[in-house]
Amino acid sequence: SLFKKIQLKKREEIVGTVRRSGWTYFWSWVFVLLLLGVPAFFLFWLLRHGWWGKTLLITPLVLSLLIFLRTIFFWQRNVWIITTHRIFDREQRGLFDQIVTEVPYDQIDDVHGRIKGFWGTLFHLGIVTIQTGNGKVHVIMYGVKRPIELQQHIQQLRERFLNLSSKVFQGDILVDMKDKIYELDLPELIVLNKVVSLRIEKLNKEET
């Protein structure tokens, strides 16, 4: 599972998960019930017509089971995993087609929550969109329960993360700075190394 593949950074914790509401699969549930209900209604009539009657009885039952399992599979696999540092978006597009996107809070430009339409308003369902890269990249979750509250929750986590990150550069807190450095990935360390090198070079010139 994605949970086992996630390597949490130091002091990083999983806050929760977000999936589409079960109401968004309404027509799938209706179709499953129809496939179950119609053969049940003609049960005794079908059983009196030999092998073809039994075939007409079993076929929709098997189809309903397959549709039910497929719906559960996609509902489970399409998920946001929210941590104190970032959001993981797993998008299952097919049985063998999966995309996982990692969105760190310091790369998020904006978060939108939107409720639209009669049914969305009635059931408090909507869309949450995360924009990164100056609005060029969108990570979207459709059919979310209470999208405005989710948007506010992500914003709070983002602000908390950015505030904690900024403390690294405030005051005499070398221990916290050391901990923060160990949380950085290689590209971030390369950038930090360049910044520190330039600062040291400048200070050396000033002293000489």
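Which residue stands opposite Asp97 in E4? I looked, and Gly94 does.

Ground rules before going on. I'm working from a predicted model, where local features need pLDDT of at least 70, side-chain atom pairs count only at pLDDT 80 or more, and totals for chains, interfaces and linings use all residues. Numbering runs from 1 along each chain as its sequence is written, and side-chain values use heavy atoms, with hydrogens and water left out.

**Sheet.** I traced an open sheet of four strands, ordered E1-E2-E3-E4 with antiparallel pairing. Strands (E, at least two residues) and helices (H or I, at least four) are DSSP runs numbered from the N terminus; two strands pair if DSSP finds at least two bridges between them. E1 (14–18) and E4 (97–104) are the edge strands, each pairing on one side only. I then checked E3 (residues 86–94): eight bridges join E3 to E4, and the two run antiparallel.

**Helix on sheet.** H4 packs on the sheet and touches E2 (79–83), E3 and E4; contact means heavy atoms within 4.5 Å. The direction of H4 makes about 155° with that of E3. Angles run from 0 to 180 degrees between N-to-C directions, with axes fitted to C-alpha atoms, for helices over the stretch in contact.

**Helix pair.** I turned to H2 (residues 26–41) and H4 (residues 50–77), which pack at about 160° with axes 9 Å apart. H2 and H4 are therefore roughly antiparallel (angles over 145 degrees). Their contact includes Trp29 and Phe31 of H2, and Ile67 and Phe68 of H4.

Terms used
Parallel < 35°, antiparallel > 145°, perpendicular 65-115°, else oblique.
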